[in-house]
Amino acid sequence: MNKFFFLPLLVLFLFSGCVNKKSYKSNTKVPKNVILLISDGTGLSQISAAYYYKNSEVNYSRFEHIGLITTHSSKEYIPDSAASGTAFSTGEKTYNGGIGILEDSTTVENIIEMASKKGVKAGIVATSSITHATPASFYAHVVDRDYEQKIALQLSNSEIDYFAGGGKKFFKNRLDNNNLYEVLKSNGFGIDTLGLTTFDVIKSHKKQGFLLSDDGMPKMIEGRGDFLSKATLLGIDFLHQNNTPFFLMSEGSQIDWAGHDNDTDYLISELIDFDETIGRVLDFAEQDGETLVIVTSDHETGGFTLAGENYTTKDGNIYSSYTTLDPKFSTGGHSATLIPVFAYGPGAELFFGIYDNTDIFHKIIKLTAWNKK
Ligand SMILES: [Zn+2]
């Protein structure tokens, strides 16, 4: 076991020595703002890959408060993004596929619905369609994650103030022939379908939405560029105008898709993009001083492992190299492994230890009291 465990820890230690760590010092332990960064389908091996394949500072090293979560759904050992997203957004377990509902299909209030009553602005960013399971868990209530047209309608009428992602087709080419762009506009949204703009262009809008591809956004290896970090930073600027408190969920959605595809290059490029976004968000949080940043994942995908390359000796025996990595997958689906949680900012120390994915919600609520009438 030592051979698999000790080396990554050693490298992690070496890398962390190069990073300028800033301990959080504040006289308040109550965060004004919360940013939840979700890397869909990311376990410890995916994160570890950043330490071997990223050519610059790994931003995960900037966290000092780290925990682990169990991720099972109400019925299954292995969760999907809907059940796990619902655990984060509501603190409740549901079945795989259920969004914003309990196991008996009863609607349950989510964190954005609670926070908006307290004047907290809310945003969501994803590299999938904005109606995909993880982002949908923060505004929708449906018995099946595949009802993306219904989810799009719920987004249009939700408390969300800012969103950016893909999914145009669920708003325009609909079975009910409704044009949801009109619904969004009537609810105060400025809508852009061509590309991200600047804060100056959107600041006068009551709400702002970016729908930038028909379904999911392009892959990093197909030229998505810095959409995730840019859309996240623009969301912070927009939501935090006039120092308004905000909640922002931003998701690196396609680490999961790469895991399903068992595609290492795809996975690592998406993971590095997510790590860059962590860096930009931590830069903001360090300056701001009132923002709690939580980085976690809904589940692991692919049974990914940083195995050594196999080689055959002259006598025909097969060994695994300890000097050359050849990452491998054990499944095309999700797995049940514990998932790391990283936290920074006021209240970050609450995220130490081993707990359940529903506790992410309960810890945020304990700190912010957004559920109090
Ligand atoms: Zn997922």
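I call a residue buried under 20% relative accessible area, exposed over 50%, and partly exposed in between, using a 1.4 Å probe and protein chains only. I looked up Asn-242 with that scale: at a relative accessible area of 75%, Asn-242 is exposed.

**Ground rules**

I am working on a predicted model, in which local features need pLDDT of at least 70, side-chain atom pairs count only at pLDDT 80 or more, and totals for chains, interfaces and linings use all residues. I count residues from 1 along each chain as its sequence is written, and side-chain values use heavy atoms, with hydrogens and water left out. Helices (H or I, at least four residues) and strands (E, at least two) are DSSP runs, numbered from the N terminus.

**Entry: the loop between α10 and β7**

I stayed with Asn-242, which sits in the loop between α10 and β7. Asn-242 is not a glycine, yet its phi is positive, about 55 degrees. In the loop between α10 (227-239) and β7 (246-252) I also found His-240. His-240 has a relative accessible area of 12% and is buried. I listed its contacts, meaning heavy atoms within 4.5 Å. Leaving aside neighbours within four places in sequence, His-240 touches Asn-33, Phe-246, Phe-284 and Asp-288.

Two packed helices are described by the angle between their axes and the distance between the axes. My axes are lines fitted to C-alpha atoms, for helices over the stretch in contact, and angles run from 0 to 180 degrees between N-to-C directions. Under 35 degrees I write roughly parallel, over 145 roughly antiparallel, 65 to 115 roughly perpendicular, and oblique for the rest.

I took α11 to begin with. Helix α11 (residues 254-261) packs on helix α12 (residues 264-288) at about 165 degrees, axes 8 Å apart. The two are therefore roughly antiparallel. The crossing of α11 past α12 is left-handed. Left-handed means the near helix is turned anticlockwise from the far one by less than a right angle; right-handed means clockwise. From α11, Gln-254, Ile-255, Trp-257, Ala-258, Gly-259 and Asp-261 meet Tyr-266, Leu-267, Glu-270, Leu-271 and Phe-274 of α12. By class I noted seven nonpolar, two polar and two charged residues in this contact. My classes: Ala, Val, Leu, Ile, Met, Phe, Trp, Tyr, Cys and Pro are nonpolar, Asp, Glu, Lys and Arg are charged, and the others, Gly among them, are polar. Within α11, I marked Gln-254, Ile-255, Asp-256, Ala-258 and Gly-259 as buried. Asn-262 follows α11 with a positive phi, near 50 degrees.

I turned to α10. α10 and α12 pack at about 25 degrees, axes 8 Å apart. That makes α10 roughly parallel to α12. Their crossing is right-handed. Leu-228, Ser-229, Thr-232, Leu-233 and Ile-236 of α10 meet Asp-273, Phe-274, Thr-277, Arg-280, Val-281 and Phe-284 of α12. I sorted the residues of this contact into six nonpolar, three polar and two charged.

I then checked α2. The axes of helix α2 (residues 44-53) and α12 come within 9 Å and cross at roughly 90 degrees. That makes α2 roughly perpendicular to α12. Gln-46, Ile-47, Ala-49, Ala-50 and Tyr-53 of α2 make the contact with Leu-267, Ile-268, Leu-271 and Ile-272 of α12. I got eight nonpolar, one polar and no charged residues here.

**Entry: Asn-59**

I found Asn-59 in the loop between α2 and β2 (65-70). Asn-59 is buried, at 7% relative accessible area. Beyond four places in sequence, Asn-59 contacts Lys-54, Asp-275, Glu-276, Ile-278, Gly-279 and Leu-282.

Ser-81 is in helix α3 (residues 81-90) and Asp-298 in the loop between β8 (291-296) and β9 (300-301), so the pair ties together parts 217 residues apart in sequence. Both Ser-81 and Asp-298 are buried.

I located Thr-305 in the loop between β9 and β10 (308-312). Thr-305 is partly exposed, at 36% relative accessibility. Leaving aside neighbours within four places in sequence, Thr-305 contacts Ser-45, Pro-327 and Lys-328.

Ser-105 lies in the loop between α3 and α4 (111-116). Ser-105 is not a glycine but has a positive phi of about 75 degrees.
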